[in-house]
Amino acid sequence: MPRISGLQDSRLENWKSALRFELRWNETGSMQLKNTTLLYGARDNRRLGESGFAVNKAFLNSVKDFKVISPRMTVLMIAARWFNIAFCYIHAPMEEKKEVEKDEFYSLLNNVLNDIPANCIQIILGDFNAKIGKENYFRPIIGIHDLHEVSNDNGCR
């Protein structure tokens, strides 16, 4: 059985909605655990990605689609009453990665978000490996309470 980073299987039973988590799987697929279904994407040969979603059985009939875009990006489409919801889980390249790799990732993310229908609510989850600083243009978003003095490149994308 694959390893779930930082989570115990018994905790999965108590989840009431779809949540994302990092996984350690070598292939894409799904797995049933009592009241929860795991939908997961595979990691690549560099051990990147490994993302997925845990969906409570009460919401399983609402799942319209699950797509593994890349090892760093998965999308879960949920049908709600009046609209659809697209949960996009991402794991951005770290700051020290080459600019080409980061540009390719953000270009792919932009294309994925543009391909989601306009009647869907988009919720982006994950790790952007970003530091947001105390620059004035971030103040309306985060206020004056920030951990970092200066933003890194990932924080400005």
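Q: Is Asp-65 buried, exposed or partly exposed?
A: In this predicted model, Asp-65 is partly exposed, with a relative accessible area of 30%.

Q: Which side chain does Asp-65 meet in a salt bridge?
A: That of Lys-67, at 3.8 Å from N to O. Lys-67 counts as partly exposed too, at 43% relative accessibility.

Q: How many salt bridges does the structure hold?
A: The structure holds three. Besides the Asp-65 and Lys-67 pair, Glu-101 bridges to Arg-72, and Glu-99 bridges to Lys-102.

Q: Take Glu-101 and Arg-72. How far apart are the closest N and O atoms?
A: They are 3.6 Å apart.

Q: Is Arg-72 buried or exposed?
A: Arg-72 is buried, because its relative accessible area is 9% and the cut-off for buried is under 20%.

Q: Now Glu-99 and Lys-102. Where do they lie?
A: Both are in helix α2, three residues apart, which is about one turn of the helix.

Q: Which residues line the second largest pocket?
A: The lining consists of Asp-65, Lys-67, Ile-69, Val-75, Met-77, Val-112, Asp-115, Ile-116 and Pro-117. Asp-65 and Lys-67 are the residues of the 3.8 Å salt bridge.

Q: Which elements supply at least two residues of that lining?
A: β6, β7 and α2 each do. The largest share is three residues, and it comes from β6.

Q: How does the lining split by class?
A: Six residues are nonpolar, three are charged and no residue is polar.

Q: On to the core. Which members of the largest nonpolar core touch the most other members?
A: Met-73, Cys-88, Ile-90, Phe-105 and Leu-109, out of 14 residues in that core. The elements giving two or more residues to the core are β7, β8 (84–91) and α2.

Q: Which element gives the largest share of this core?
A: Helix α2, with five residues.

Q: Cys-88 is on that list. Is Cys-88 buried or exposed?
A: Buried, at 1% relative accessibility. Cys-120 is buried as well, with a relative accessible area of 9%.

Q: How many disulfides does the count come to?
A: The count comes to zero.

Q: Zoom out. What does the secondary structure come to?
A: Four helices and nine strands.

Q: In what order do the elements run from the N terminus on?
A: They run β-α-β-β-β-β-β-β-β-α-β-α-α.

Q: What share of the protein counts as buried?
A: Of its 157 residues, 41%.

Q: What about the loops? Where does Lys-34 lie?
A: Lys-34 is in the loop between β3 (29–33) and β4 (36–40). Lys-34 is exposed, with a relative accessible area of 63%.

Q: What is the phi of Lys-34 near?
A: Phi is near 50°, which is a positive value in a residue other than glycine.

Q: Where is Phe-59 found?
A: In the loop between β5 (51–56) and β6. Phe-59 counts as partly exposed, at 34% relative accessibility.

Q: How far is the C-alpha of Phe-59 from that of Thr-36?
A: The two C-alpha atoms are separated by 9.4 Å, and the residues are 23 apart along the chain.

Q: Last one: Ala-118. Which loop is it found in?
A: Ala-118 is in the loop between α2 and β9 (120–127).

Q: Is Ala-118 buried or exposed?
A: Ala-118 counts as exposed, because its relative accessibility is 84% and the cut-off for exposed is over 50%. Its C-alpha atom is separated by 9.9 Å from that of Phe-83, 35 residues apart along the chain.

Key. Residues numbered from 1 in each chain as written. Predicted model: local features only at pLDDT ≥ 70, side-chain atom pairs only at ≥ 80, totals over all residues. Heavy atoms only, no water. Salt bridge = Lys/Arg side-chain N within 4 Å of Asp/Glu carboxyl O. Buried < 20%, exposed > 50% of the residue type's maximum accessible area, 1.4 Å probe, protein only. 1 Å grid on protein atoms, 1.4 Å probe; cavity = no way out; pocket = protein on both sides within 12 Å on 5 of 7 lines; lining within 4 Å. Nonpolar A, V, L, I, M, F, W, Y, C, P; charged D, E, K, R; others polar. Disulfide = S-S within 2.5 Å. Core = buried A, V, L, I, M, F, W, Y, C linked by side-chain atoms within 4.5 Å.
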